[in-house]
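I opened the model to see how its chains are built and where they touch. My notes follow in the order in which I looked things up.

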Amino acid sequence: MLQLKSVSKRYKTGDLALKNVTLEIPDGQVLALIGPSGAGKSTLIRCINRLVDPTEGSITLGDLEISSLSSWALRKARRRMGMIFQEYALVERLTVMENVLSGRLGYVGFWQSWFRRFPAKDIKEAYRLLDRVGLAHMADKRADELSGGQRQRVGIARALIQDPALLLVDEPTASLDPKTSRQIMRLICELCDERKLSAIINIHDVLLAQMFAKRVVGLQLGEIVYDGPPDGLGPDVLTQIYGEEDWEATIRKVEDEDEEGAEEAALS
Amino acid sequence: MPTIETQDGPVWKRRTTAKSLLTWFCWLIGVAIVVYCWELVSERTIWFFVQDAGTQAADMASRMVPPKWDYMDVLWQPVWDTINIATLGTGIALVFAVPVAFLAARNTTPHPTIRAIALLVIVSSRSINSLIWALMLVAIIGPGVFAGVIAIALRSVGFCAKLLYESIEEIDPRQVEAITATGATRAQQLGYGIVPQIMPSFAGISVFRWDINIRESTVLGLVGAGGIGIQLDASISTLAWTQVSVILLVILATVLVSEWVSAKVRAAII
Amino acid sequence: MTDIQNQTEYPGKWKRPPLIKRGWLRWSLWIGAAIYLSLALGTMDINWGRVAEGLPRGQKFIAAFFPPDFTSRWESILDGILESIWMTVIATVAGIALSVPVGLGAARNLAPLPVYLICRSIVAISRTFPEIILAIFAVKLFGFGPFAGFLALSIATVGFFAKLLAEDIENMDPVQAEAIKSTGASWLQWINYAVQPQVMPRMIGLSMYRLDINFRESAVVGIVGGGGIGATLLTAFDRYEFDSAAAILIVIIVIVIGLEYLSGYLRRWVQ
């Protein structure tokens, strides 16, 4: 279980990115974090694995207090949190296999990783994951030869090989076309389901959030303004999160696309 | 892009009046500086020699032909030495340039003070010509190829480290962030997040500097640090102009070949 | 698909595919490099005895550099530095002025073939010979003094600058160039409106860089009599006044740092 207690973050520039965020995510729950750009979604998930240090508040994963860890203990804690990035953030000049194996860096020593001598168990797992995300034949390709959707699949495999308890997912579909976006979201949700992972998915696309998440949290100017089931996102709630707009069309479309999505899922 | 109202209607000008005045003023200062420098230099020039230069050049050219081709037999060894000075010097320089570059790059340096020291090392090495390094080294370790190798290495460390740290500062930080998020140590972040990103520029820099070093090592012999410069110096001081022309042609050929090699290698990398 | 099946199915070994795919080529490159290295080191004929003997002397030598003595030769240092600076300034300006026509001529997309070949060979020759060789000949022909150094540096500048200018012009965006051409502009207008704006910012940065190089090179043309600080430096070495030599080197380093700041500032201002 992940717990955030009144977490705040003020950047050196003086911008207050997060205000007093309190959130509890039980094991196995997939949570979508929506909100306009600049609402603090990225900052929030980066505070959890401390790529960004929170200014105030406490974050606990299981019974581990993350916000006060030493750098050594923090590295160990990061192994339990897989992260998936916007625009994939693969190391482009490394092969697909090396990118996946880089998820094991927290578990092996420097020279072992420098000479690419990963344990056989890790390599087997890497092949298994690549097969699971449908890229088994791509292991020796360089990451910059892949398409966007393929790269994101590699990113997913890299996060999963860490054997995490929690997935932090930052705008996984921001640079993908609508169809690939859905495939990626479905893959992430299926994998969370298979492995009983909890996940926080930052996503600016309300439709996708409603389609795939059991719980939606709306963030606006660093504050939580909505926390509830996806079908509770009415026009008034969306207005509160994103500002004034004609939301009827969006909501109607959600219902249509939801059926469509279900069909697609049934077909595949 | 202002338009100015005049009697005949608006006129478009590229700059406002104040701006164009400023531009003219800058040009004026620039020209004044150049003219002033020229005056000072010409004051120290003996114009008689300069006027005489045409006949001198013709005379020298006539003495240089035909090149004394037999002299080539003597030159193979110096050419080999010259290439070795450049290659080994570049290799040694790269070994030292890599750590210096990581210490000097803003995003990898452990501490600002260390960064300042690394930058000072870079600028000192860069500011002093390899010939001056050779001058000092010949005094310390004696004349010969070894002094040349070290001189080239000392001069190249700064050059390579500078280009390398600039490319370290330009890497994509998201790739490093992704590696950090897996729980990697700092050394692993370097190895997986940064090194693969700078490999192409590292290779490019090495070949580029090697090419420059071939050129520079042709003259180190002038101060006794090995290579073909020794023969050049000896031939000029004994006024053996037919040998000089052979040496110049050999240098030309060596440099052109090295340029061709480095262009090929760079094309293969990129 | 059960886990047990998978455990046996997937290989437990993986090797990074080699950079050079063809095995024989990879191995022959490695072997070639090894042979070269052993030959190079074998024929280098290092007199280790001399080196070992030199090292303690080197310590004394380096100790003799400290503290740097700015005062006792200050007049000649100042004189040499100023001469270097004058030389640098006019050589850079003259060299760049000369390299504009040469650079335009050496760009394949602007110049007809004969002009291109002539300009390319000018570039190749002036790039091949290091400044110091050019300076030796300039001194032979024009006599001792800064004029010879000025000529050597100008010629070297032409080789450097014209080549980069030509490459930049060859890599410019042809669409913009065509657009201006289609307005019926004359050749000079075309250069002014289509080519110049595209290559100008980088050229300004490069001319600052060349100024920096020329200053550093001006410190060595003096060694062969081309004027500037090099003569003072050589004298200091010859008289074993290493503390004065250290002072000269420090002055050079400081000026190079200053030039670097100036060029960084100018480049930001231009863009």
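**Entry 1: chains B and C.** I call two residues in contact if their C-beta atoms, placed from the backbone, lie within 7 Å. The model is predicted, so I read every value below as computed from it. I began with chains B and C, where the contact takes 44 residues from chain B and 43 residues from chain C. Then I looked up which helices of chain C are involved. At least two residues each of the side that touches chain B come from α2 (23-43), α3 (48-64), α4 (74-105), α6 (131-142), α7 (146-170), α9 (187-221), α10 (229-238) and α11 (242-270) of chain C. I also sorted that side of chain C by class and noted 30 nonpolar, seven polar and six charged residues.

**Entry 2: a helix of chain B.** Next I picked helix α5 of chain B, residues 130-141. From first C-alpha to last, its 12 residues reach 15 Å, close to the 16 Å expected at 1.5 Å a residue. Is this helix enclosed or open? I found 10 of the 12 residues of α5(B) buried, so the helix is largely enclosed by the rest of the structure. For burial I needed the cut-off: 20 or more other C-beta atoms within 10 Å of the residue's own. The buried residues of α5(B) include B:Leu131, B:Trp133, B:Met136 and B:Ile141. What covers them comes from two chains: α6 (145-169) and α8 (186-217) of chain B are included, together with α3, α6, α9 and α10 of chain C. After α5(B) I noted B:Gly142, which has a positive phi, near 85 degrees.

**Entry 3: one residue in a loop.** I then looked up B:Val219, which sits in the loop between α8 and α9 (229-237) of chain B. Does B:Val219 count as buried or exposed? B:Val219 has 30 C-beta neighbours inside 10 Å, so I put it down as buried. I left aside its neighbours within four places in sequence and listed the contacts of B:Val219. They are B:Leu131 and B:Gly229 in chain B, and C:Pro130, C:Ile132 and C:Ile133 in chain C. B:Leu131 is one of the buried residues of α5(B) from the entry above.

**Entry 4: chain A as a whole.** I counted 10 helices and 10 strands in chain A. Its radius of gyration is 19 Å, close to the 18 Å that the globule rule gives for 268 residues, so chain A is as compact as a globular protein of that length. The C-alpha atoms of chain A fill a box of roughly 55 × 45 × 30 Å along the principal axes. Of its 268 residues, 43% count as buried. Among contacts in chain A with a separation of 6 or more, 68% join residues 24 or more positions apart.

**Entry 5: domains of chain A.** The domain assignment gives domain 1 (1-80 + 165-231) and domain 2 (92-163). The centres of these two domains of chain A, taken over C-alpha atoms, are 23 Å apart. Their contact takes 14 residues from domain 1 and 10 residues from domain 2. On the side of domain 1, α2 (71-78) and α7 (178-195) of chain A each supply at least two residues. The largest share of that side, six residues, comes from α7(A).

**Entry 6: strands of chain A.** I found an open sheet of four strands with antiparallel pairing, in the order β2-β1-β4-β5 of chain A. β2 (16-25) and β5 (64-65) of chain A stand at the edges with a single partner strand each, so one side of each has no neighbour in the sheet. Two bridges join β4 (residues 56-61) to β5(A), and A:Thr60 has A:Glu65 as its bridge partner in β5(A). Elsewhere I looked at β6 (residues 81-84) of chain A, which is covered on both faces. A:Met81 and A:Met83 are buried on one side, A:Gly82 and A:Ile84 on the other. β6(A) pairs in the parallel sense with β7 (residues 166-170) of chain A over four bridges, and A:Ile84 has A:Val169 as its bridge partner in β7(A).

**Entry 7: chains A and C.** Last, I noted that 10 residues of chain A are in contact with nine residues of chain C. The largest share of the chain A side, five residues, comes from α5(A).

Notes. Residues numbered from 1 in each chain as written. Chains lettered and ligands numbered in written order. Predicted model: local features only at pLDDT ≥ 70, side-chain atom pairs only at ≥ 80, totals over all residues. Nonpolar A, V, L, I, M, F, W, Y, C, P; charged D, E, K, R; others polar. Rg over C-alpha atoms; globule rule 2.2 N^0.38 Å. Expected span 1.5 Å × (residues − 1). Domains from an automatic or database assignment. Pairing = 2+ DSSP bridges.
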